[in-house]
Amino acid sequence: MTQTSEQAERDEDAPGVVKKFMYVNRKAPYGTIYALEGLEVVLISAAFDQDVSLAFLDDGVYQLVKGQQTKALEVKNFSPTYRALEGYDVEKLYVEREALEARGIKEDQLLVPVQVVSAREMAELMEQQDVIVGF
C-alpha cells in the first residue's frame, strides 16, 4: 500500500514525529538578547524530544569562548549554560571554521566540544534540517 503525498504530509505533522531543528547563532553573546534567548529556545525544544542542533557562525562563535568576563558589562555570564546542553541530549554543535579563523579563535578556546566544519559543510547540514531558526 503506498501513501499519497497528502497522507505523507499528515503523517509528518503527526504527534510524536521528531523533526530536525537547527538553531543558527550569528550574534555576539552580549549587547543584545539574541544569544541568551536562542539558548533558552534550544533548551525548551530539547525538552520536547526534538532533534536539536546548534550552529555558530559569524560573531556567534564568541558565545562559546572560554573565560568570558561580563562584570564590566553588568550582565550575567550565561556561557556556562552551554555545558548543560549535553544533559538535554543536545550534542550536535557545529562551528564554522572560517568564522573561527577570521576571529583568531582556536578550537581549544571553546568551552564545549564542537564539530568544526567548513562553510560548505555547514550549508549541507542546513539542507538536512526540517526547521532552521536564526538568532
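This is a chat about a predicted protein model.

Biologist: Before we start, what kind of model is this, and which cut-offs apply?
Modeller: It's predicted: local features need pLDDT of at least 70, side-chain atom pairs count only at pLDDT 80 or more, and totals for chains, interfaces and linings use all residues. Residues are numbered from 1 along each chain as its sequence is written, and side-chain values use heavy atoms, with hydrogens and water left out.

Biologist: OK, how many helices and strands does the protein have?
Modeller: Four helices and five strands, in the order α-β-α-β-β-α-β-α-β along the sequence. Those are DSSP runs numbered from the N terminus: helices are H or I with at least four residues, strands E with at least two.

Biologist: What about strand S3, is it buried or exposed?
Modeller: Four of the five residues of S3 (residues 92–96) are buried, so the strand is largely enclosed by the rest of the structure. Buried means under 20% relative accessible area, exposed over 50%, and partly exposed in between, using a 1.4 Å probe and protein chains only.

Biologist: And which strands does S3 pair with?
Modeller: S2 (residues 51–56), parallel, over four bridges, and S4 (residues 115–117), also parallel, over three bridges. Pairing takes at least two DSSP bridges between the strands.

Biologist: Which residues is Ser118 in contact with, leaving aside neighbours within four places in sequence?
Modeller: Glu96, Arg97 and Glu98. Contact means heavy atoms within 4.5 Å.

Biologist: Switching topic: which residues form the aromatic cluster?
Modeller: Tyr30, Phe56, Phe78 and Tyr82. The structure holds five aromatic pairs, where rings of Phe, Tyr and Trp (its six-membered ring) pair if their centres lie within 6.5 Å.

Biologist: And what sits over the ring of Tyr34?
Modeller: The charged end of Lys27, 5.3 Å from the ring centre. The cut-offs there are NZ of Lys or CZ of Arg within 6 Å of the centre and within 35 degrees of the ring normal.

Definitions and conventions. Rings of Phe, Tyr and Trp (its six-membered ring) pair if their centres lie within 6.5 Å; planes under 30 degrees apart count as stacked, over 60 as edge-to-face and the rest as tilted.
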